[in-house]
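Dear colleague,

Please find below the structure that I am handing over to you. My findings follow directly after it, arranged by topic for a first reading.

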Amino acid sequence: MKSFTDSPLYEPGRGAIVHVERPPVVETYQLRKVYRTGFWLNQKIESLKSCTMTVYQGETFGLLGPNGAGKTTLLKTLLGIVRPTSGRASLLGHPIGDRAVKQSIGYLPENPYFYDYLTGWEFLEFAAGLFEIPPSVQRQRIPELLELVGLAQSAAKKKQMRQYSKGMLQRVGMAQALINNPEVVFLDEPMSGLDPMGRRQMRELILSLKYAGKTVFFNSHVLTEVEQICDRVAILAKGELICAGSLEQLLGVNQDIYQVKGIGGNPDILKRWVRDFTFDDEGWYGQLQGEPQEFLATLRLIGAQLISMQLSRPSLEEFFMQQLLKRGITQSS
Ligand SMILES: Nc1ncnc2c1ncn2[C@@H]1O[C@H](COP(=O)(O)OP(=O)(O)OP(=O)(O)O)[C@@H](O)[C@H]1O
């Protein structure tokens with residue numbers, strides 16, 4: 001597979017240059033963050049190294065990377081929670097940290113702290129109060145949001161949050177991130193701790209935000225979900241942005257390799273045509289080696305039936321692992 005870094009769209013250190021007509025919402029230029037730790041603050045941890053990237057309006061953008069890559073640091077820097085050591089960044093055209101922008105952004109932290117003794121409803125009223133949303137608007141918006149995130153009104157009104165499951169807390173957190181009807185939503189590991197059904201609902205919710213024209217920027221380890229919902233992704237490793245682009249740009253479509261699946265026929269003949277030939281109750285499958293037309297003619301001759309034949313491309317997970325291995329990263333920190 002051709003690496004994205006070989007493509008003309010890629011400039012080392014600058015990530016992808018994608019010509020999109022939409023205005024940029026997030027822009028960073030050589031952003032760097034060094035944490036100082038230790039008793040004398042004499043130990044340095046370089047969490048972000050010269051990070052330059054752009055996220056455009058209306059995009060669903062996924063930031064990927066192993067543990068300790070610097071994803072949360074980047075998100076917190078954009079939100080003005082962490083001060084960059086050097087470099088520049090802007091959010092909705094304003095320098096990061098500008099208070100005027102905070103009205104237009106929503107944020108779901110990775111490990112949110114909720115007030116245990118408040119009900120979900122009371123917590124949302126509290127969050128709405130921070131944005132000075134009038135009570136009449138709150139009365140309409142809170143039930144709408146609860147419905148959107150799939151949390152029952154009765155649970156939100158009656159139960160204190162210390163009695164909530166991880167999934168319920170994540171839903172309240174998401175409702176809180178949307179309370180001000182933000183233009184840009186930052187989600188740090190939104191799928192974490194959710195069961196398959198919860199992940200699916202979160203995925204649908206993120207897609208509904210995208211269709212509503214919001215820009216969604218999220219960090220995730222769940223690459224299969226990212227592959228299904230993101231317009232563009234970037235990979236961060238050891239504080240460095242190693243690539244960024246749309247899934248087509250990063251994964252490409254390998255024109256030569258077809259994944260084939262079928263039933264029947266003589267396995268000995270099929271093995272000559274199908275690499276990694278595998279056979280189970282549902283039939284046989286593998287990668288076609290040879291001319292598709294000749295293969296189809298052979299199938300007719302041996303009485304086999306083709307179920308599917310698709311151009312293959314690596315999954316995002318395979319691409320992700322390749323990129324890390326290329327840089328000698330075999331373990332997360
Ligand atoms: N407040 C801090 N003080 C010192 N070091 C920090 C601080 N916050 C993060 N770090 C370090 O910076 C590096 C990047 O951490 P960060 O949390 O940004 O990574 P991450 O990609 O979000 O990881 P994860 O996927 O595990 O959440 C790590 O080595 C971490 O230990």
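The centres of domain 1 and domain 2, taken over C-alpha atoms, are separated by 44 Å. Domain 1 covers residues 4-251 of the protein chain, and domain 2 covers residues 258-311. Please keep in mind throughout that this is a predicted model.

The ligand

The shell around the ligand is made up of 14 residues, and the closest are Tyr35, Asn67, Lys71, Thr72 and Thr73. Two or more residues of this shell come from each of strand S3 (24-37), strand S4 (43-56) and helix H1 (71-78). Which element gives the most to the shell around the ligand? That element is H1, with three residues. By class, the residues around the ligand comprise nine polar, three nonpolar and two charged.

Helices H3 and H4

In general, the packing of two helices is described by the angle between their axes and the distance between the axes. Helix H3 spans residues 120-130 and helix H4 spans residues 135-149; they pack at an angle of about 125°, and their axes are 11 Å apart. H3 is therefore oblique to H4. The crossing in which H3 passes H4 is right-handed. On the side of H3, the contact is made by Trp121, Leu124, Glu125 and Ala128, while H4 provides Gln138, Ile142 and Leu145. Five residues of this contact between H3 and H4 are nonpolar, one is polar and one is charged.

Helices H4 and H6

H4 also packs against helix H6 (residues 166-177): the two axes come within 9 Å and cross at roughly 130°. H4 and H6 are therefore oblique to each other. Their crossing is right-handed. H4 contributes Leu145, Leu146 and Val149 to the contact, and H6 contributes Arg171, Met174 and Ala175. The contact of H4 with H6 has five nonpolar residues and one charged residue, with no polar residues.

Helices H3 and H6

How are H3 and H6 oriented to each other, roughly parallel or roughly antiparallel? Their axes come within 10 Å and cross at roughly 25°. Because angles under 35 degrees count as roughly parallel, H3 is roughly parallel to H6. The crossing of H3 and H6 is right-handed. Gly120, Phe123, Leu124 and Ala127 of H3 make the contact with Val172, Ala175 and Gln176 of H6. This contact of H3 with H6 holds five nonpolar and two polar residues, and no charged residues.

With kind regards

Key: Residues numbered from 1 in each chain as written. Predicted model: local features only at pLDDT ≥ 70, side-chain atom pairs only at ≥ 80, totals over all residues. Near = placed C-beta within 6 Å. Helix = DSSP H or I, 4+ residues; strand = E, 2+ residues; numbered from the N terminus. Nonpolar A, V, L, I, M, F, W, Y, C, P; charged D, E, K, R; others polar. Domains from an automatic or database assignment. Axes fitted to C-alpha atoms, helices over the stretch in contact; angles between N-to-C directions. Parallel < 35°, antiparallel > 145°, perpendicular 65-115°, else oblique. Left-handed = near helix turned anticlockwise from the far one by under 90°. Contact = placed C-beta atoms within 7 Å.
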